[in-house]
Structure formats: C-alpha cells, structure tokens
Amino acid sequence: MWKPKVAKRRLTGLLFLVLLLSLLSLAPHGVAWAGEEVKPGVLIVVHGTNDPTWTTPVWEAAYELRDNFPYPVALGFLEEVEPGIPAAVEQLNAAGVNKIVAVPLFIASYSNHIEEIKYILGLREDLPGGEHGEPLERARPQGEVVLTPAVDDHPLLAEVLAEQIGLLVEDAGSEIGVLAAHGSDSAEGQAGWVDNLRSLGSQIQERLGSNRLKDIKYGFLFEGLTPSLREAVYEAVYTDGATALVVPVMVSEGHFTGRTIPGILKEFPNDAYRYPENGRRALITFQKSSANRIVEWRAAAELWPRPEVSRDGVTTELTLDGCQEIARAAGKGYPCSVLAFRLAGVALPALWPDRPAAAEDDLLVFSLLPPEAGSKPVFDYLAGPADVKYLGNWRKITPVSPTFIFANKATGEMVWVHVKPDTFGGEDFFDLRNRVVNGRASEEEQAALKARLDLLLKNLLTRPAEALFTWKKVSPLSISGPDGAPLKFSYADLAVEPDTLCLCGSFAFRALSEAFATLYGERAPRRGEFTVVTGWVTKCTSEALELVAGEGNYILQGSEPPKAGDFYYAVTDKDTSRTLVIKGKSQIFPEDFFALRDKVKNGTATPEEKARLKELKEQVTWSLLFKPTDEIFSVRTYTKGDSGNGDGGGGDGGGGGGAPAPSAERVEKPVQAGATTEAEVPGKVKVEVPAGAVSGANAVIKAAVVGSEKAAGAGMPLLGRVVDVTLKDGTLTGKITITLSFDKSKIAGDQEPAAFSCDEKDGRWVRREGTVDLEKGTVTVTVDHLTLFAVFAVPKEAPKPESVTFKDMAGHWAEETVGRLAGMGVISGYADGTFRPDNEISRVEVTTILVRALKLPAGTAPDPKFKDNASIPDWARGAVAAAAKEGLVRGCPQPDGTVTFEADRPVSRVEMAALGARILEKKIGTVTPAELGFTDTGNIPDWARASVGAAVARGIVAGYPDGTFRAKTPMTRAEAAAMILRLLDAVRNR
C-alpha cells in the first residue's frame, strides 16, 4: 500500500511557484546544455530513520566514499533525516555537477521507495498508486540524472552474507541458512525480491565451499508476505530437522535487526537457531568496505566508458555487470572482471574509434599474466579463445606481468597497456600474492593480501584510467612493395610467439619504427630503398628482417651468443646514404641477463635459472614497449663521408660500440684539478665545476639534451630543453653552477621563467632559486646534486611581503615561519601584538588559516550538515563554509546521526596530518604513503595511518626528537604554522 511521507517533504507556496516557473523555462529540467563539459557527481541515496544506531554507520560509509571517488559525492536521505535528497542534489549543483549518478543504498530495486526516489529526481512524472497526500519535494538537478540499480543480488553482498553465515556454522550438513528480508509491497516487486534472494542463496553456497549448508531459505518481515520469516524458520527447524542460521539481508542495523527479528526467534527453542551478534547483522556494520565497494561498483558502471561491441551483426555495450557475469560463468570474478572492463574501455575505443569493436573477428589479446587470470574469460568472450594468449606463470607474477596488448587484426594497430603497480598498492603486492599462492604466507600475510585485493577493487572502480594504466597506441610498420603495394607489419607479426613475447622481435619492431620515423617521416619507405645491419644475430631477428626488409636487404654481423654491444640496428637510406644507428643502452639489461642467457643456451641452467631468465626477458621487453626512446636507446645519424656529426639524441655510439660521436646535443669534459671546468652545449646549457667540487682523478662532467617528454608530467609550459647533467668516475663533493637557456618568446605576460630540477625518486619537479637574465634568456642556479634540469614558465609571484614580527616570538624556533605566514596575510596575532605560539589551536582557527592560505573564496551560507552551526563565530562562518564545500572539513558524526563541527575543540596532530594529506591529494594527486617508523605508530588510528604516511612522505609533518608522533596531542599555534607553510611549499613545488 502506498504510504506518502509528508512530515519533512512539504513544499511551501514559494517553492511550488519556483518549480512551476522552472518547467516553463527554456532549458528542459535535468538536461545539460549541448556541448557542455560533463562534470559527474555521485549521489548516495539511503532510506533514513531517526535511530542513530542505523544512521551513524551510513554516515561513516559516506565519508569514506567521499575520499575514494574523484568526483563530488553527496548523501541524501529519503525520509526522517537531513539532508534530504533535494538538499543533497543542491550540494552537487554547488560543486558544478551536471551529471548525477544516483546510487540507492537499498537492498532491492523493487519497492515503492525506489519509485519515490525516481519521482524526487525527476525520473518519473507522478507517484505510483493513484491518489496521494501532499507531494514530495522534488530535487532540481542542473543536468542529467542516472539512477543505478540497488544492491540486489550483487556478488559482494553474497560474499558478506557468506561470511556472516560462516561465523555461525558448526555442522554445515545439518544446518540451514535463513535470509531475513523486508520484502515488497507489490506483487511485481515481491517477484524481484524472490529472484534476488534465490540468486544470493546460490552464490552463498558457492562461497561456503566445504561448509556448504543443507539448504538456504528466505523469509519476509512485511505482513502478508509468504513465506514469512517465522514460516521459513519453522520449516527449517521442524520440517527439515535442521538448525536455522538466521542472517538479516539489510543495509544497517536498527529496529528490524535488534527487535523484530529477535522477537520472532524467541518463539523457538534457543538451540533451534543461531543469530549474529550486534555489529554483525547488516551489510554496513559487518563489512563497511564491501558496502562501499557496491556503491562504487554501481557508480563505476555509469561513470567509466562502456565500449560498443559487434557480435554476429548485433551491437551491444560491454558493461561492468556483463563482464562480471561472463567471468562468473567461467568460475572467475572480481576484481579481475572489473580490470577487464576498464582495460576494454581504454583499448577498444582506441582501436575502433568510429565504430563498434568487431568481436571474434578482428581482435587479438596478449598478456604477460598467466592463463588462470580472471580477466581472460571476458577477453575470450570478445575475441574468441583462439585469439587470446596469456603467457605468464601462475606461481610467480611480477610488476611487469599485468601488461596487455590489444590488436586490431584488420589495421595492424595495437594498444599496449600496463597496469601501474600503484593500482595494486605498490610493487610489494606481487611478492605478497606469490607467497600466498605458493602456500608460504602466514595468516597475517593472507589477511594482508585480502586487504590489498579490496584496495585493488576500489582503485579499479573509482580511479580514472590515467591513474590506473600506462598505455600507448602503436601503428604497424608500414612500407610499400616493389610494385608500390602497401605492406603493414604489426608488433604481433614480429614479436608474438606461442608462449612468450619475443625480445628480439620486440627490439626489431621498436628500432625499425624509430628508424623509419626519423629517415622518412610519415612516408612509407619502399622495400629495397633501405638496408639494415644488426649485431643481434638470432633466428627471430632474421625472420623479422626477412619479413620487413626482404631478402638481400639486411646483414647480421654480431657475435653468438650476443653481448650488450651487439644490441644495435643501423638502417641506411640508399638514396641519401643517411644512416640512423640505434643501440640499446646497457642499463636496460639486468646485471645477470647475459650470463643467464649463456647458461640456458649451453644447456647448463637449472630450472630456477631458466625461469629467472624468462622473467628478465619480460623486464627488457616491457622496457622496449613502454619506456621513451632516450631511456632505452642511444641514437645517432650520419651520412656517408661526413665526420660523424649527427642530429640524433647523442649516446654511446652504434654499430657495436665506440666513443660517443660529437654532437650539438651533448658535451663531456674531464674535470681539471685545481681549476674551474666548463662544459657547454651552446644555446642550451653551461656547467661550471669549481676547483675542489668534484673528487676523482678521472672524473668527467657530462651534459646531454634529452627528450621533452621527460617534462611531460610537470604540468608547466617548457621554455627550453631538458638537460641531463651527470658525473662519470667521480663524486660531487661541493656545489656547481648550471646556466640553462630558454626561449623568451614563449613567456606570456603573466609568467616568468624559473629553473627546476627533477626529483627522480618520485618523479616531481622542484623549483630552484636562481638568477634570471631575461635579456640573455638564461637562468643560473647553484646545485649540490645532479639530475635533470629545465626552465619552465610559472605565474609571476607578487612581491614577497615583509616578515611580520610579534613581540613574543623573538628567539622562538618558529619565529621565521610565523613571520612569513603573517606577512602573507595567512595568519594573524592578537590585539596586544603577541602571537602566543604555544597555545593550542582550535578547529575553527585552523580552518580559517587554511582557507586563507589556499585562497578559497568564502562561502555564503553555512554547511547544512553541521548541527552546531550556531557555535561557529561570525568571523569564521564564510571560511568554514568554503572548507566544507571543498571537502577539507567533514565534521564529527554523532550517535543521533547528526554531524557537528566543534569549532572550539583543539586540533590533534593526527587530525592536522589527515587534513594536510587531504589537501595534498586535491592539489597534487595521490601521494604514496611513507612507511611509519614512529615508536608510537600503534597509537595512530587505522583510519589516519595512510594520511599520516602521505604527510610524512611530503615532509608536511614529522615526529619528535624522541621518535614519537604523539597522535592525540593537540597542535600548538606554532606547530600548525610550520605545518601549513610546509604544506604550501609542497603544493607550490609539486
């Protein structure tokens, strides 16, 4: 029966008028303007109740989801609790969202509650059931709204239920699981509930394995539904003679789990049933992470690309749920099914940009993962099992193993995709996984792997593709035959063997691609127009060159077995006598590569050594697939009869070795004892080494111009060339001077040049203080370590304010820090001219300082989620509103389901670190947490450890001299100032 909710959903006459006018406006309600950039957001919709036991866990889950998604997230309650759904939609509107993915955190999609949600969101025009009371307040989204299914029979819910039941099992063969569910108020809805519960029962039995129960039944709690919970338990106990293991199928705990179900069970003998303890009776309270993953799953199905696939002339979308069904039918599942979905979303649109992927006809898939990988069933479905090759070893996978190659057979184009180690939480995942698979892991390590797999699933569901994968689209080698007919050779033609990716073929493909692009540009050379000489003498090399260059157009002249110096190609254009020499740099070969290869060739290698060589080959092959040219090759060009000068990228020679060729792109000078040594690449870089700055009798200073792609991740306009300054056979013991040239014409009016060095440990560019000569177009810096250097355009800085002095800061350790922040207008003192550095700092003070420091526009209205808004001082309300809008402050959940700001409460060190980490992630992206070595690390709450690790990694926060962190100690005003200044520096020098 329809039960309208009116207590908190009444529209005033004004709101009704506004709604009416909106229906008459030019832009249709819920539709974004054509051509507008899509800015998605996630709306979590829950039922709501005035019972804080039910509501508090929901808020806690929502807070974590806000951290996980890269898009704005809002929580809206259908009834009883604020914010309601319209208010939550307004939060997303304020964040600029124009596409809302609404995820109902309801157990089933089959109830009038779902229809109410559709009505509120504008997805249906009227409410079901005929006559109703006063209308529900409708939301006003400023764009498209997509409502996803509810939890339903999601496999993650089945996993949670299986774990709940597993804790109750004592003698599985004589026990029956009973799923206690609400049910629906309509016949159609009840049929959906029954289908869901039957599916869940089947999935639970699969997961219980050897603990498979005698049966799984279900019973409903709503009056008049059959079977009722009472009937289901009665049948299990008295008809089947079993013990009933009763588990609620509910979102959170409250009246039903704490009173209704126990009240029914009291009608039966105590030994006739078992029921979970408090905290284990619902999805969120038993396993919040799984609840969050379900919400993330539903949102991901709408947020991420769903490529179109053509099968048997029918075009369909490849969906996330479809991938899970395919994987499950083959005995596999998440997270691999999700990985397959995300990979397909990258590769298929790149290979078929204008039409659906021609599944089973044109697609090839290769991977360095083993055939048992859970992603394989999805690609078997897409390409057909014959065209899917998984080449790895189940017993051991490495960080290069999650590498996928997708090929369009018709065009020869390929997409190479590598799953970044950070997607798995770091490279240590692979060793942990291998230990578990091989039965060598402790219980703690097994639990750690389970947690890492959950992290992997979260990342796959919530991160954009750029954060998950490295990928590149690769064209085939194109030439023309003697008759002018076009010929194309893909990477698969040269390098894919039945059980591996061929190292020799990989090198041939990459080297020839580089050579053709340099010698011929976009033109395809004619077979016979070029010749190839290589020192890499193998059967695979011969076959590759026979295929591409043709008989009589190549020479193999290296040693057998090959050495590092033989790893080169020399391609000559016959018409111009121009030769390009590409030589593999020695550093791409692991130290024991050639020794192991010789042992394998000689038949003296052990099985372990053979496996090790295969692993090393994969590492080198991966480098050939993904690393930029200047990291793996030295390249030079010359013309027959010249002196060897070239226009290539410099390096250590070609054709098997030799001294470096002179180049306009590189220089090296022996360091002179007792005098200044100068090494210069004119117009690019000059290095000055003072006497005594370098130790080593044979030291050589080098400077080489490298590819601009090295600066691709800096996020700033590059004004000159990237220069790699290195030292050979010596140690830098003092400081040297580097002068970098830049192009003045590239500087905009609001920009200025600045020198940066690359922190190669974490790949970020760090600004260096230096002297700018705009007339000459140079920046000069003094450095005490060598790395990559470049000049970028940065926004002009306002004149640095003078440091402000407080009368109680003289001699204090934070005197300079506080003075700088005060001069910047970020922090202020008291009316008596003091700063009071050792006083504790409150939440409202920290919030105000950070809003000033980050230059956030003040909010115009207090955040409605804070119950104690009235306690926020007038002078701080705009700052608190701005910080809440940015997601920097969240408030403190209370037992009654409300959230408080607690303006006057002192900020603890752990809260300050978490706040700093949140700002870092918003400003510079994900930060890999440092390992925490404090003597009191165990006192840092679990929820904050990753944040503290991130803050430590960026130097935002540190411990005390005694090795402690003191997580719960309140921050002083001086400590907060120091941390905020370090935070600003980290953001500026990202």
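Contact in these legends means heavy atoms within 4.5 Å. The model is predicted: local features need pLDDT of at least 70, side-chain atom pairs count only at pLDDT 80 or more, and totals for chains, interfaces and linings use all residues. Residues are numbered from 1 along each chain as its sequence is written, and side-chain values use heavy atoms, with hydrogens and water left out.

View A. Helices (H or I, at least four residues) and strands (E, at least two) are DSSP runs, numbered from the N terminus. Along the principal axes, the C-alpha atoms fill a box of roughly 100 × 80 × 60 Å. Buried residues make up 52% of the 990. Buried means under 20% relative accessible area, exposed over 50%, and partly exposed in between (1.4 Å probe, protein chains only). The accessible surface comes to about 43,900 Å², and 50% of it belongs to carbon and sulfur atoms. These areas come from the Shrake-Rupley method with a 1.4 Å probe; for residues, only the protein chains shown count as cover. Among contacts between residues at least 6 apart in sequence, 70% join residues at least 24 apart.

**View B. Helix α5 against helix α10.** Two packed helices are described by the angle between their axes and the distance between the axes. Helix α5 covers residues 155–166 and helix α10 residues 288–303; their axes come within 9 Å and cross at roughly 170°. That makes α5 roughly antiparallel to α10. Axes are lines fitted to C-alpha atoms, for helices over the stretch in contact, and angles run from 0 to 180 degrees between N-to-C directions. Angles under 35 degrees count as roughly parallel, over 145 as roughly antiparallel, 65 to 115 as roughly perpendicular and the rest as oblique. Leu-156, Leu-157 and Val-160 of α5 meet Ser-290, Arg-293, Ile-294 and Trp-297 of α10. By class, this contact has 5 nonpolar, 1 polar and 1 charged residues. Ala, Val, Leu, Ile, Met, Phe, Trp, Tyr, Cys and Pro count as nonpolar, Asp, Glu, Lys and Arg as charged, and the others, Gly among them, as polar.

**View C. Helix α10 against helix α11.** Helix α11 spans residues 320–329. The two axes come within 8 Å and cross at roughly 115°. From α10, the contact uses Trp-297, Arg-298, Ala-300 and Ala-301; from α11, Leu-320, Asp-321 and Gln-324. These residues divide into 4 nonpolar, 1 polar and 2 charged. Trp-297 also belongs to the contact of α10 with α5.

**View D. Val-338 in helix α12.** Helix α12 runs over residues 336–351. Val-338 counts as buried, at 1% relative accessibility. Beyond its neighbours within four places in sequence, Val-338 is in contact with Trp-297, Leu-320, Leu-457, Leu-460 and Leu-461. Trp-297 and Leu-320 also take part in the contact between α10 and α11. Val-338 and Leu-369 lie 31 residues apart in sequence and 16 Å apart in space, C-alpha to C-alpha.

**View E. Thr-403 in strand β14.** The strand spans residues 403–408. Thr-403 counts as buried, with 1% relative accessibility. Not counting residues up to four places away in sequence, Thr-403 touches Phe-366, Ser-367, Leu-368, Val-417, His-418, Trp-622, Leu-625 and Phe-626.

**View F. Backbone details at Pro-227, Pro-335, Ser-577 and Glu-902.** Most residues other than glycine have a negative phi, and most peptide bonds are trans. A cis peptide bond joins Thr-226 and Pro-227, with omega about -5°. Pro-227 sits in the loop between β6 (215–220) and α7 (229–239). Tyr-334 and Pro-335 are also joined by a cis peptide bond, with omega about 0°. Pro-335 lies in the loop between α11 and α12. Ser-577 has a positive phi, near 60°. Its loop links β23 (568–573) and β24 (578–584). Ser-577 counts as partly exposed, at 27% relative accessibility. Glu-902 also has a positive phi, near 60°. Glu-902 lies in the loop between β40 (899–900) and α26 (909–924), and is partly exposed, with a relative accessible area of 25%.

**View G. Ala-930 in the loop between α26 and α27.** Helix α27 covers 942–953. Ala-930 counts as partly exposed, at 26% relative accessibility. Ala-930 touches Gly-949, Ala-950, Val-952 and Ala-953, leaving out residues up to four places away in sequence. Ala-930 and Val-952 are 22 residues apart in sequence and 6.3 Å apart in space, C-alpha to C-alpha.
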